[in-house]
Amino acid sequence: MSAEEYQYIENPMSVSRREFLSISGALIALTALPAAVVRRMAVKRNDYIRARTAGLYKDDTNAKVRVSHANQGVSRLYQDFLGNPLSEVSEELLHTRYIDRSRAMA
Amino acid sequence: MEQITKTFQAGEVPGIITIDAHRCKGCDTCKRHCATKAISGMFGAVHTIDAAKCINCGQCLINCPFGAPYETVDAVNTVVSKLKDPNTTVVGIIAPAVRVAIGEEFGMPPGSLATRRMYGAMHKAGFKIFDNNYAADLTIMEEGTEFIHRVRAAVFGDEIPGHKPGPLPQFTSCCPAWVRYVELNYPSLIPHLSSAKSPQQMAGAVAKTYGAAKVWSVRPANVYTVGVMPCTAKKFEASRPEFRSAFAHASKEQGDGSGTPYPDIDAVLTTRDLARLLKEMGIDLAKTPEAADESILAQYSGAGTIFGNTGGVMEAAVRTVHAVLTGEELAPLEFKPVRGLKGVKTASVTLLDTKFKKEATVNVAVVHGLRENITPVLDEILSGRSPYHFIEVMNCPGGCINGGGQPIPAVGSGWLGAMSPLLAWK
């Protein structure tokens, strides 16, 4: 006989297979829920891009004049002041040059 | 040769974007949005931006979840004081992409078209309106004509006396971040950039010559031009010393170069800056009634307005180039292959040149999101294998509507990208 006294100990993990599976399922669902919310935050920036893009295309569709060469205001500017595209005044005011900045990089 | 210190010309703002060390958490989000590897700093340590490499696009600024990057130039107070000065004609130059985004700062849903409300609010604040869409149309006239010259020279051997057309492919030059990117990293491709200024700079030069004389009847020196832009790089562009052409023109006309030189664009406000200015002046955009503007400098076409979208400049150019070469309007006007968010979009158009009675097939490409998409396209050109004749480039993903100066959506979640490999469903 054992010298030790008998003591009843309940097995803390006495869950059935079925119970174990349903508890795990509930835990996974609980962790996935906030992750899904977080994921929706991540794609929200795309929604902004799409909405703004659609806004500009709508402005185009609604416009009475839809091509640059039919803009009366621009035609007036050429008539009154610039002459033609790439005219001397156009070159002076509307065109530019670029510079090589690469050597200053290092 | 110009004096260049650390990649900046004299007079230029040496770096528009900088990082607030107290706010930076070292999360590395900004590095994943930087096209030029200008940001350094270990993961977890405070990050810094190397201004010499930075192209000022502001993508780090709008994507930082902690709001650490900020702009070194803020013109809101200066513009407010100019608006109060009765001797100054303050001209607001409104970029296309601003009108579909500024509403977000006043509780309107994203994408709301607020052009007419902006006219109303800016009239109330004391601005004269110069719609930058007008300058976009002007850009198409200049850049499209330049492109036709380059194509006719390359395909038909056409020559225009006194003009040496640049090489093909031609790049668009509206995006100041892209222009600086080429100047810094691909100097051999500089001749491919269209010589046409960006719409903002064209608007400034026109406002201080034709606008001052014919539209507002004031002295050019008393005109104060304010670019209202979706872009932080525009603040840099405005400071480039070559953009004083209205002053140079006036000096040449009068035959003397005396007087204080004035820049074509005096100040640049981002979309966020303008919203702050209006709020400071007690103007609520959402409650402002819609207004019209009768100035000829506020007339614009549908082609001008889509400049703010990726593919928009190309679509506008194709519409006009088609009409000029063939004598007929493009039908339908919607040029769908250049729309959408694909990284590199390509299309071909065959045009019958009525001047030469011959057909030419023009291959176009549209690139946005420099960081991911530009290198292969440029490598093709450097190795002489590029099939394209005309390439539109915008730095920001989606185009100017997602520019570094736009309202920042309340959710900063860019850092999630770093976690994505851990997410089972990705």
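**Stop 1: the domains of chain B**

Start by colouring chain B by its domain assignment: domain 1 is 1-72, domain 2 is 76-134 + 198-294, and domain 3 is 137-195 + 302-402. Keep in mind as you go that this is a predicted model.

Now select domain 1 and domain 3 of chain B; their C-alpha centres lie 29 Å apart. Where they touch, domain 1 of chain B puts in 9 residues and domain 3 of chain B puts in 8 residues. On the domain 1 side of that contact you'll find 4 nonpolar, 4 polar and 1 charged residues.

**Stop 2: chain B as a whole**

Zoom out and show chain B as a cartoon, and you have 13 helices and 14 strands to look at. Its C-alpha trace spans about 65 × 60 × 45 Å along the principal axes. How does the radius of gyration of chain B compare with that of a compact globule? For 426 residues such a globule would come out near 22 Å, and chain B has 22 Å, so the two agree.

Of the 426 residues in chain B, 52% count as buried. Take the contacts in chain B between residues at least 6 apart in sequence: 75% of these join residues at least 24 apart.

**Stop 3: the core**

Next, select Val91(B), Trp178(B), Val206(B), Val226(B), Val228(B), Leu269(B) and Ala317(B). Within the largest nonpolar core, which has 127 residues, these touch the most other members. Helix α4 (residues 132-156) of chain B supplies the largest share of this core, with 9 residues. On a general note, nonpolar side chains tend to be buried together in soluble globular proteins.

Centre on Val226(B). Leaving aside residues up to four places away in sequence, Val226(B) touches Val79(B), Val90(B), Val91(B), Gly92(B), Ile93(B), Asp266(B), Ala267(B) and Leu269(B).

**Stop 4: helix α5**

Select residues 176-185 of chain B. Is helix α5(B) mostly covered or mostly open? Mostly covered: 9 of its 10 residues are buried. Among them are Trp178(B), Arg180(B) and Glu183(B).

**Stop 5: where chain B meets chain A**

Finally, bring chain A into view. The contact takes 69 residues from chain B and 48 residues from chain A. Elements giving two or more residues to the chain B side include α4, α5 and α6 (199-215), and α4(B) gives the most, with 8 residues. Colour that side by class and you get 36 nonpolar, 22 polar and 11 charged residues.

Notes
Residues are numbered from 1 along each chain as its sequence is written. Chains are lettered from A and ligands numbered from 1 in the order in which they are written. This is a predicted model: local features need pLDDT of at least 70, side-chain atom pairs count only at pLDDT 80 or more; totals for chains, interfaces and linings use all residues. A nonpolar core is a set of buried Ala, Val, Leu, Ile, Met, Phe, Trp, Tyr and Cys residues joined through C-beta atoms within 7 Å. A residue is buried if 20 or more other C-beta atoms lie within 10 Å of its own, exposed if 12 or fewer, and partly exposed in between; C-beta atoms are placed from the backbone. Helices (H or I, at least four residues) and strands (E, at least two) are DSSP runs, numbered from the N terminus. Two residues are in contact if their C-beta atoms, placed from the backbone, lie within 7 Å. The radius of gyration is taken over C-alpha atoms; the globule rule is 2.2 Å times the number of residues to the power 0.38. Ala, Val, Leu, Ile, Met, Phe, Trp, Tyr, Cys and Pro count as nonpolar, Asp, Glu, Lys and Arg as charged, and the others, Gly among them, as polar. Domain bounds come from an automatic or database domain assignment.
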